[in-house]
Amino acid sequence: MFSNLNLLQKGLILVVIPLLFQLVFIYVLNGQLDQAERERKQESVYRQKKQILAKISRIVMSDAGGLAIYGIKRKGGGEAEPETKFKHVSDAVPAEFAALEELSKDDPQELAEIQTLQEKTFKVVKDFRHVRNEITSDNYIVAITRFNSLRPQIAEMEQQLEKINELQDKLEDAGAENWSARRENVKKVLMFATLANILVATILSILFYRSTTKRLAVVVDNSLRLASGVPLHPPLEGTDEIAKLDEVFNAMASTLDEAARKERAVVENAVDVIFSLDDKGTLTKVSAAALQVFGYEPDDLLGRNFRYLLPSDEAEKTDEHLNASRKTDSSQFESHIKKQDGTLIDALWSVHYSKKEKQFFCIAHDITERKRAENLLREAEARIRLIVESMPIGLLIMDGNGQIELNNPTAEKIFGLKTDALHKKNIATILGKTETLSDAEYVADLIQKTKNHHAIELNITNTYEQTIPTEISLNEFQTLEGSRHLVLLMDVTERHEVERLKQEFIAMVSHELRSPLNSVLGFLEMLPEGIYGDLNPQGVDKVGVAERNVNRLIRLINDLLEIDRTESGKLTMDVADIPIGPLISRSVDAVKALADQKNISINHSDATTIITADGDRIVQVIVNLLSNAIKYSPDGGKIDIDCITQEEWLELRVKDEGRGIPEKFRALIFEKFQQVASSDWRQKGGTGLGLAISKAIIDQLNGSIGVESEEGKGSTFWFRLPLKKVSEPTSTV
């Protein structure tokens, strides 16, 4: 039961029980002492009473003697004291009796005896006064007679005094006996308390030893057993701290045993070779991984010197590394290991030297693949460095503040600077910022302008005062040091020259080709009418062919001019809020003749949806999509035009029943001069610019365009534009 208490409870018991016992002992002893004190006080009262009784007796006797002297003096003719000067000694008796009664008020019997004595004493004193009066009156005979008659009364009073004194003596003797008995009782109590205290302390000590000291000895012995590898004692019973400590110790022992088992499993199953060497370099322990890594069975290596595993030219160097680990306790180094088949592997040694055991504990990690990867990485870095340094595009890496951390030679060439001249410079400085902006403001503005991979063009003045048109783009990426920007710089001087030549070509096409071709077309149109004479059927045929070719050339020139305007941003837009329905009708009317030639029906819905766009440009887009659909639709087919509203957009879809577009062409279909097959240009006609122009128009109107197609099942071209009002599709034409 005592073992179920914790140490705090046991400690409290060891303190509380003796304390309670001492309190009881003090209480009993205090009671004895209080009683002794009361008896001592009572004994003092007895002595006071006896003193008062003796005083009363002396007063009465003194008063009697005074009367006798007074009578003798009066009778001898002497002059007696005046009446006023004579005072009876017995006048003090009432006060003494009052004090005596006060001391005896708690004892009724004694108080009654004292009152009897008081009556007799007061009667004697009164008679003394009568005798005095008789003496004063010179009645000596009467005075003597009366005085003699007082003798029996005085004797009774003396007897009464004696009786009370005897009573006080008995009480005083009884008090002395009680005091002696009390002293004996106190001695007995002290003796009992001492013996009991010793007994309680002994019992508690025995219990504490059995429940604590002996149990602690078990825990200590368990620690020694654990260190020696001997099985532990059975777990201690109880719920106190020692039992919990033993429980934790047993759990710890189990954990250590499990950890040791896992450690053995780790060592035995580790990919790296774990081994130990003595001071002479002899292998004393080797893990099972030696077979996989070194090609040796562990038992084949035990007792051999570590030099056995090393190439002869590396043995001394490895020995130096091992000796160095004696001073630092641990070290890492690399060496080659010679496998059993003679091949060499790269190994990373991790060595810890134990001064206590005088052994090297080593781990050999096969880093052959890592070394191979490092070599490949170095080669790749060299190739990348060569590419970066040789690429015709300038490359800069800058931090968020615009400070340049890295650049390639092309960037230095663009700015006309020497090697490393750009390093640590701010990009705002070399790009020629205005004085109104700080470096930070200029860098922030540059990052904002090139956000989302947009490129901008700036004129950069190099150190030779040459102005170089340069296209700049920024791409953000993350590093361990934080956010960085890759800046690409491209000298677009040649592009500007090409653009100038293109503009000259476009101008030449527009002014030098289109006008003569229009004249030729007009002449060809008049020939079949016989203005210049009649043509035979073969001549009419040839004129028709020539007219179609001239028309194709004129359309090509017009499309080239149109695509040039869209790319240069010169395409004018008259944007307004307009309904889509009339635009669809105008587009259908524009291609109706072409559709009738192939007996193709065009179905569309009347919509009241309002869009924000240029009506003529939208008609141009729809006509391009319809012409394309008619061109690839079979004779007698149909084309559907649908309008679908989606939140803030209107989507117009043109669906045909043509051959469809192969997947590899869908991403290119909106590029210039792109057609599904090279034969389409000859068989179907067209310039390959219609869809490119349509995409440029839709992009400029903040819309999007695309195609959905499946080979053999037709295609659906669609575009989306900002929506103003929900549409309501109705009839079919």
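## Charges over rings

The charged end of R720 is placed over the ring of W718, at 4.2 Å from its centre. A charge sits over a ring if NZ of Lys or CZ of Arg is within 6 Å of the ring centre and within 35 degrees of the ring normal. R304 likewise lies over the face of Y308, 4.2 Å from the ring centre.

The model is a predicted one, in which local features need pLDDT of at least 70 and side-chain atom pairs count only at pLDDT 80 or more, while totals for chains, interfaces and linings use all residues. Residues are numbered from 1 along each chain as its sequence is written, and side-chain values use heavy atoms, with hydrogens and water left out.

## The antiparallel sheet

An open sheet is formed by 5 strands in the order 7-6-10-9-8, with antiparallel pairing. Strands (E, at least two residues) and helices (H or I, at least four residues) are DSSP runs numbered from the N terminus, and two strands pair if DSSP finds at least two bridges between them. At the edges stand strand 7 (404–407) and strand 8 (455–461), each of which pairs on one side only. Neighbouring strands of this sheet are turned against each other by 30° on average, direction ignored. Axes are lines fitted to C-alpha atoms, for helices over the stretch in contact, and angles run from 0 to 180 degrees between N-to-C directions.

Strand 8 pairs with strand 9 (residues 467–479) in the antiparallel sense, over 7 bridges. E457 stands opposite E471 in strand 9. Helix 13 (residues 439–449) lies across strand 6 (394–399), strand 8, strand 9 and strand 10 (482–491), and it runs at about 140° to strand 8. Contact here means heavy atoms within 4.5 Å.

Another open sheet has 5 strands in the order 12-14-15-17-16, and its pairing is mixed. Strand 12 (601–604) and strand 16 (704–709) are at the edges with a single partner strand each, so one side of each has no neighbour in the sheet. From one strand to the next, the twist averages 15°. Strand 12 and strand 14 (residues 638–646) are paired in the parallel sense over 4 bridges, and N603 stands opposite D640 in strand 14.

Two helices lie across strands of this sheet. Helix 16 (residues 580–597) lies across strand 12, strand 14 and strand 15 (649–655), running at about 175° to strand 12. Helix 17 (residues 615–632) lies across strand 12, strand 14, strand 15 and strand 17 (715–722), and its direction is at about 170° to strand 17.

Strand 1 (residues 273–278) and strand 2 (residues 283–286) pair in the antiparallel sense over 3 bridges. S276 stands opposite K285 in strand 2. Their hairpin has 4 residues between the strands, and G281 takes a positive phi near 90° there.

There are 4 aromatic pairs, where rings of Phe, Tyr and Trp (its six-membered ring) pair if their centres lie within 6.5 Å; planes under 30 degrees apart count as stacked, over 60 as edge-to-face and the rest as tilted. The rings of F275 and W349 have centres 5.6 Å apart and planes at 85°, so this pair is edge-to-face. It links distant parts of the chain, with F275 in strand 1 and W349 in strand 4 (residues 344–354), 74 residues apart. F333 and W349 form a stacked pair, 5.3 Å centre to centre with 20° between the planes. F333 lies in strand 3 (residues 330–338) and W349 in strand 4, so the pair ties together parts 16 residues apart in sequence.

F275 and W349 are both buried, a term for under 20% relative accessible area, with exposed over 50% and partly exposed in between (1.4 Å probe, protein chains only). W349 has 2% relative accessibility. F333 is buried as well, with a relative accessible area of 5%.

## Two further helices

In helix 2 (residues 93–103), the residues V93, E96, F97 and L100 are buried. They cover an arc of only 95° around the axis, which puts them on the same side of helix 2. The arc is that of the directions from the helix axis to the C-beta atoms.

Q153 lies in helix 5 (residues 151–228). Apart from its neighbours within four places in sequence, Q153 is in contact with K123, V124 and D127. Q153 and D127 are 26 residues apart in sequence, and their C-alpha atoms are 9.8 Å apart in space.
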